[in-house]
Every structure is written in structure tokens, then in C-alpha cells.
Amino acid sequence: MTLKTEDVRNIAHLARLHIDEDVLEQYVADLSSILDLVDQMNQVDSSGVAPLSNPLDATQRLRDDNVTESDQRDKFQQIAPDVEAGLYRVPKVIE
Amino acid sequence: MSEWESVIGLEIHAQLATKSKIFSGASTAFGAEPNTQACAVDLGLPGVLPVLNREAVSMAIRFGVAIEAEIDHYSVFARKNYFYPDLPKGYQISQYELPIVGRGHVFISPAEGEHKEIGITRAHLEEDAGKSIHDQFPDMSGIDLNRAGTPLLEIVSEPDMRSAKEAVAYARKIHSLVRYLEICDGNMQEGSFRCDANVSIRRRGDDKLGTRTELKNINSFRFLERAINFEIERQIDLLEDGDSVVQETRLYDAERDETRSMRSKEEANDYRYFPDPDLLPVAIRETDIEDIRASLPELPEQKKQRYIEDLGLSDYNAELLTANRETALYFETALAVVPKQCGLLANWILGDLTGALNKAGIEIGASPVTPEMLAQLVVRIADNTISGKIAKEVFEAMWQGEGDVDGIIEARGLKQITDSGAIEALIDEVIANNPDQVEQFRAGKEKVLGFFVGQVMKQSQGKANPGQVNAMLREKLKT
Amino acid sequence: MAATVSEISRGLEAGEFSSVEITQEYLERIDKHNPTLNCFISVTGEIALEQAKTADTVRAEGNADRLTGIPLAHKDLFCTDGVRTSCASRILDNFIAPYDATVIEKFRAAGAVMLGKTNMDEFAMGSSNENSYYGHVANPWNISRVPGGSSGGSAAAVAAGLAPGATGTDTGGSIRQPAALCGVTGIKPTYGRVSRYGMIAYGSSLDQGGPFARSAEDCALLLQTMAGFDQRDSTSSEEAVPDFSATLGESIEGLRIGLPKEYFAEGLDGKIAGVIETAIDELRRLGAEICDISLPNTGLSIPTYYVIAMAECSSNLSRFDGVRFGYRCDNPVDLEDLYKRSRGEGFGAEVKRRIMIGTYALSAGYYDAYYLKAQQLRRLIKQDFQQAFSEVDLILGPTTPETAFSIGAKTDDPVSMYLQDIYTISLNLAGLPGMSLPVGFSDGLPVGMQLIGNYFDEARLLNTAFAYQQVSDWHLRVPEAFK
């Protein structure tokens, strides 16, 4: 599987990753060779096999509906890059 | 009839009335200081994990049972991946394949005598996002994540509605249902119950659906109707001018009463859904569903049928009385006092009481005239203590807080006159004062009887029993 | 210095030394050797001495447990309240975790002492510990060689005697492979055995925490504290945790051990094969019955693993967006710029590669071909093991196809690096427990042998390794420079 430069640009955008132009081609080559490795999966016909997403095939345990958390805003916001009036700040979002 | 037909489907987000969030133990209470109810899980801190709230699952099943939906024995949570500041993890935990509630349906009555079945494609559980605040800082947006992680039930309808009116009737139906079920407080102003509408138009007779737009930011039923109607007109104008409709998300602006394109959502989304590996499939046993079914309250549709069949109410009145839980509760509380007067009671609730509530802008639960007071009023009408007309005056006095029915009748001297001697005296006086009309009646002009009744009632200040007056007048005028 | 956890525990119990003294000694060793090895990202000396002092008090009061006062190192992806938790990434270089991971909480409660946070491949993505924002880790047996990864710092720290035990995590071999390359003992428990709460996720359905130590006996002790159900982790298991130490010393007479032919095929270094054969002979002498088995889908495990791990990581790492914690780029012009540059500058190259492959594998039109297909193969791989465990009690093979390779040898070729995980990653796909223990040397570098157990059968793994370690001393060898 060979990716094109444009494919890698699109993937990087979808993943919100800035990739410098001068290393873009390296990513194209690396990602293409990883996809070649991945394409080995096609050696096996797995049609009809039920997908396995959790190794133990377990089911979800449920939590009782109780409020167990208390306000820790000050502690959590100490590690935030930009906070004011209790709000996390980001460049203006246009809707 | 227009050559255009509109096709509407709704996506309703109902916040479930759990105490804690869907995947964390933080409180869901509305209105706290920003980010004080966002715990480590809600903030998506590195290393945290979600644990599913049992009550949210149970509420979703309750809804599913109520709309007679298919409920699968396995339900799976998936991640919907996209970047947005109010979405802390960069993905929303939602459901994609195997939603908790499958295909179901509800019935709506958009107008008297009309009935329509609306299909519900699915209803799934997901977590709410936080809120972006745009007006607090000049160049920055502020993010409050208190709402992040509040459980939502997203209810997706089939595109079965053909007018804004039908869409509103459907939305009201769901609104009423979730409140009957006590799974959502239904507060649209606080965003507990939100409607997005998918609107498209096509030429009447076409099978193919037109390009649709999705309308967001609608926070009342009135705005829902206006937004859809605006959008239908906009789309018709576009097509009639030879343009085409662009598939996009549009924001309803209530102040300008228009919809406009949402630039930030322009980009075609690739949500990369996949099963959330932090959560396992939810197993739902048949016995769980049966337990929930057994615990359901009487639902509006069942109530309505009971009112029609057991109480003999009209379809229309039964629909209105069951349209919301509080009205039905009011009716049933009053009915317990006057079980034989359900028709009269229904008329009073749907007539004078509803009128007064609308005028005052208050909910039936806050009515100054309690169900017990209204029932007493009906008792006094039925036992001929007061006439229907006088009853209106008594109702008005009760509304103003002047006391109970009997107290008002007594204080204002409104007791009906049923003493035939007293009525006869009034009749004699009226007949004596109106010889011309007596002549006309005797000449065969039956209509004049109404005039006499009116005069006698006026003389009695409305207190004479109208039935008695009628019968006695007839007798007297003949001779 | 070759003290084991068990020896230190006995020494503390006997009053031969205090926790403060032994902690001080380890801190001095770290001070001396860390500049060479770069095992630690953060050394938490003050916290360690404070905890040691408390431990000594607890002991004086007669309330000591087996781990009270034992100094340990923790992989820098376990969140530690008030201490930087970096995941060896620039994006978390300034991240002071505001809470403790369950594993950390349990060690704290047991009275263990935290020496510091160990180096690793960034976000646990790598097999050589070269993908770290804080620089590579050197292998104590030969400092021009890699220690393996991703838990390279923990493995090297134990090998060099900078800590008697350490925590690690294993998503595709990240405990077993560095244990093998550094000549120490490490165990990856059954998926769900150890809580993942507070363990910064790489591949959520594969990640599992576990200990490194010099011996199986020590691993049993450390795993005992780490294991157990945690209501904060939906994927953690309610399976009862047995007393791992209690069954150590049981005879392995009649134990059926299977050798998968695929693990001894082409690609395995001949000298490693020889060393493993010798160890197998030793187990045979102890009474084990050895037979050949097959795990036919072994070859598929690498592509299958990488699709699943990368898909999960692409989503798991979306939360690193420069909004609520971690690195934020300078002067973002708009929201998109904030996201793209914070992430682009904050993540290293391998992390970006994996996020991009995962993003691609999940994107519209490719989901079935990649992610769904991988999940189907994952079931086939699990079924291979289930079939094998109907015939044998344990599976045995090499941990790695080669011994520690030179620093820089594989950095330009991500795929050749991925192939290092061939014998380890299928266990993560199946969720099975596995451990690596040192069984000899090849050209002066340690060789690791891998034991694979059935679900929740860690006790049998530990006991088999213990039996072997009773008749061998490979696990007690210490590199000359760090004696």
C-alpha cells in the first residue's frame, strides 16, 4: 500500500498534527512501509469470524448512580496552560 | 396545495435525570460555578477510565419499552472521534452499532381528529459535551466542562414528518413521554431537552429524498416550528430559483427568526467510530427488561385509551388531558372527588382552567385553583347550587384567591334560585312588561322564548335555574 | 549490589538496616550511575526519604507488611499525585499528575518507597527506549546497546541495581522484551489482572501493568500488591487473586510445557536457540514434560497488533490537545493552529507515525479492511492459544529473536523494530499472562526465556520460573560496572 503525499497531509489534518514540509516525504515512506506490513493480514481469509475487541470477551459492570466526586477545580486548573475565571481558554471558536 | 412536500426527521437529545454523570461520579446538577463539577474523568485527564452508570442504562431501557422498541441483549459503546474544545478527550463516548434502543414508534395527533404514527429509528446513550462561552473574553473562548459527561439519550426519528406542525407534535409527544417516564426534566431553557431537525423538500409525488440541512440551536417548541418553516421556505426559494440545497448544519437565530450556515461544522466529518476499548458490551437480560416494563407508570397512550373507553371522553379531550403528566394528574385528582362528572370536569380543565393558565403563563402544577377546588365547583354545578354561568364567576374569584367554592357562593350570594314561587314571580313580571313579545310567541314565533329566558335570568342576576325558567316560561306563555 | 526485594524485606524485618538507610543507598547509586544509563526521568529523593522514614516508624510500631520500606521505581506513565508524569513526551513534560494511579496508590498503601519515575519509549511506543524526549536508556550489560522497550528504564534500573524492583507496562512486550535484554525477571499478567486506572493508555485493550525484579520470588511479591479488581477500571477482572508466594516451591513434576514450532523457526538467532535449549533441559530434569505444539497464526500477530494498537492510540492520544494540561504551542493564531502545533511539537516522530496509521485505519472506507479485519484475526490468534492450552499447562519459547542490539541500529526502519515483538505481542492480543526470565548469555548479552500461561494462571508461571531459578543463578548476575 503506497500512500500519496496528499493522503498523508489529509491524515495529519484529521489527527490534528502539524508535520513540517521537509519531513513529510519521510512520513509518506514510513507510513507506506508500515501499511505494507499491515497488509499481510490479507493472507488469511477471516470471513465469518466474530471480531474480538476485548481479549476476555467480558461484559460491562455497572456503577450505582451516586455522586462520589467533589470539586477539585483549583488543583486541576493549576496544570492548565490558560485559565481565567475558572474557564479553560482557547483561541476564539467561531460557530 | 403547494407542489413541494417537506420531509422532516428529528434528533432529540434528552439529558437523563441521573444524579451522577454517565461515566463518572461527578454531579449533574445545573448551574454550578464553571468547571467545579468536572472531575478527572470528565476532564479527560491522562490515565482516567469510564465506568457506566446503571441508572442511565435503566432509563434508556424504560424509554425503549415505552415506545415498544426492540431492545437488543447486547449494547456497545463506541468512540466518535473529533476535535473540539468542549470535547475533552477528543472523542465522545456514544453508540454506533448496537444502540441500546432499536426501532420503535409513537403516535401523534397534530390536530383534532388527525392521527399519525412516527417511526423511531433508534435511541442511544452518549455523553454530553461541555459548553463554549464566547462573550466573556475579547479574543478567546472559555470552556466550561461541568456539562461534559451528563448522560444523554439521543432519540432519532424516521423522516416521517411532513410539516413543522407535525414535527412539533412529535417533539411534544417525546417531551411528554420522557417526563411521564421521569427520565428527563424536559427543561428546554436549561438545555435538558434539545431538538435538532433534519429538513429537506421534494416535489410532491417524488420518492427520492431531497438534500437535507440540519437545524441546531432550537430551544423551544415555538422556535422549532418557526425554524422549520423558515428553512422550508428557504429551500423552496432556492430550488425555484434554480439553485440547489447544500447539505450542511444551520444554526437557528431566534432573534432574527432565520437559519444560517454554521461555518465551524463545514468540514465533512470522518468520525472514525470504533468500539470503546475502555468499556465492554452491556449485557441486558430479558428479566431486566421485564422488571422495567412492570415498573412503568401508565403511559400517555394507555391513559388516553382508558379515558376514551372507560370514561367516555372524546378522543380529542382524552389526547389533550394526557398530553402531559401534570394535566393528567390534575384531572385524575379532581375526578376522584367527582367520579360521575368526568365530561363536565374535562371541559372545565380544558376550557376555563387552561385559558387562565395560558393567560397567566403558569404551569398547571402551580394553578391557584387546585384540583380539589375545581372538583367542588363541578359538584355545585351538578347539584344545581349554581349555574354554569355563575360558575365562571366563582372560578374567577377562586383564581383571585377569594377562598373555596362554597365560601364564595355564600359571600357573593350566588346560590341558584330553585324556589318555583320566586321564579314564577320573576316570570310574571317579565311577561307583564313585554306584551309585544308575548303576542309574537303566541302567534307561533318560538324563537322569542330565548328572549324571555334571557330577561328572567337577568332579573335574577343569573341565579335562577335556567332549566326551571325555561320549563315554567313555556307553561305560562301558552296560557 | 544485588539485593533482591525479598532480601531487603528480610533485612528490614531483622533490623539489619532501616528503610531510610537502604533508600539512601539506592539514591546514591542512582546519583552515581544514572548519568551513564539515563534510567530515570525524575528522581524523587525527598519523597523517597520521607516515605522511608514513615515506613521505619510503621515498622517500629509493629505494623510493617512485606513491602513496607522497600524502595521501588515506577515507569513514568503511572500517574503520581504531585509528581511529574511525562510518558517520556514533551507534551507532558510539564504535567504534574493531580492524582495517583491505582497501582501507585496500592504501593503507597503497602508502605513501599518511590525512588523515582523511569524512562521509557514515548507513550510506551517502541522496543528500544530510543523514542524518549529525555534521551535513550543504555543497557547496563553494554552501554552501546539498547535496554529494550518500552519499559527500558525500569528494566535497566533493576539490572544495574538502581532499584530492587520496578513497575512497567506491557502492550506488545514492553515488560518481557526489556527484561530479556537486560537480564532481569518480569511478568505481564492476564489482561484485567492489574488496574489500568491512572496508567496512561497506549492501546487500551492490550495494556497491562506488571513488575520487574531480579527473581520470580520478588515478582510474586510485587504482583501481589499490584493485582486485583478496581471499580474504577471497567476492564479490570473480579477474578480472585491467589497468594502468589504461597505456591512457590511446589514441584513442577509432570508439568506439561509446549514449545510452539513457530517460535523456534527462521528469524531466531541460533545462539539464543541454543541457550533456550539448555534451559529447557533444566526444566526437563525438574520433571517437566516437554512437547511440540503449533500456534499457526503467530506470523499474523505483528500486523494485527499494530493495527489495533495504533487505532486505539490514535484515539487515546487525542486528549493531548494543549487545552487542559500539558504542552501548548506559543502564540496559536487560531484553534486549529493550537491543536496542530501543540500536538505536532509535543509528540515525537514514532508517536506521530502511529497516530497517523491508526487514524487512517479507522477512517471512512478503511475500517473493515483494517480494524475489523484485525479484530477477526485477533480471535483466530486467541483460538490458537485456547487450542494449545487444551493440551499443555504452559507454553515456552524465546522472549526475543535477538539479544540487545546497538543503539541507533533500527531507528531508521520502524518496521524492523516492530519485528522485535514477534514472540511477545500475540499474548497481548489474546490477553494471556507471560513472563521473561534470564537463562544465559550470548556474546556477553543476556538471553530471556518466555513462559506463557493460561488466563489468570500467573501463579503457575511464577512457580515454574521460581523452580528454574532455584537451580540456576543467571538472574543473580550483575554487570561488572554496576556491582
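The bend at a residue is the angle between axes fitted to the seven residues ending there and the seven starting there. In this predicted model, local features need pLDDT of at least 70 and side-chain atom pairs count only at pLDDT 80 or more, while totals for chains, interfaces and linings use all residues. Residues are numbered from 1 along each chain as its sequence is written, chains are lettered from A in the order in which they are written, and side-chain values use heavy atoms, with hydrogens and water left out.

**Helix α9 of chain B**

Helices are DSSP runs of H or I with at least four residues, strands are runs of E with at least two, and both are numbered from the N terminus. Helix α9(B) covers residues 342-360. A kink of about 35 degrees is centred on T354(B) in this helix. The expected span is 1.5 Å times one less than the number of residues, and the span of α9(B) from first to last C-alpha, 25 Å, is close to the 27 Å expected. After the helix comes G361(B), with a positive phi near 70 degrees.

Buried means under 20% relative accessible area, exposed over 50%, and partly exposed in between (1.4 Å probe, protein chains only). Among the buried residues of α9(B) are C342(B), L345(B), W348(B) and I349(B). Their cover includes α7, α8, α10 and α11 of chain B.

**The interface of chains B and A**

With contact taken as heavy atoms within 4.5 Å, 53 residues of chain B meet 34 residues of chain A. Buried area is the accessible area (1.4 Å probe) that two parts lose on being put together, summed over both; here it is about 4,000 Å², and carbon and sulfur atoms give 58% of that. R54(B), M140(B) and L280(B) supply 14% of the area that chain B buries against chain A, more than any other three residues.

A salt bridge requires a side-chain nitrogen of Lys or Arg within 4 Å of a carboxyl oxygen of Asp or Glu. The rule finds one across this interface.

**R61 of chain A**

R61(A) lies in the loop between α2 and α3 of chain A and counts as buried because its relative accessibility is 19%. Residues that R61(A) touches include V51(B), L52(B) and F229(C).

The table lists atom distances for named pairs.

| Pair | Kind | Distance |
|---|---|---|
| D64(A) and R54(B) | salt bridge | 3.1 Å |
| R61(A) side chain and D233(C) | reach to backbone oxygen | 3.1 Å |
| R61(A) and E238(C) side chains | polar contact | 3.5 Å |

A polar contact is a pair of N or O atoms within 3.5 Å; within protein, one must be able to donate a hydrogen and the other to accept it, and residues adjacent in sequence count only if both atoms are side-chain atoms.

Key. Lists of a residue's contacts leave out its neighbours within four places in sequence.
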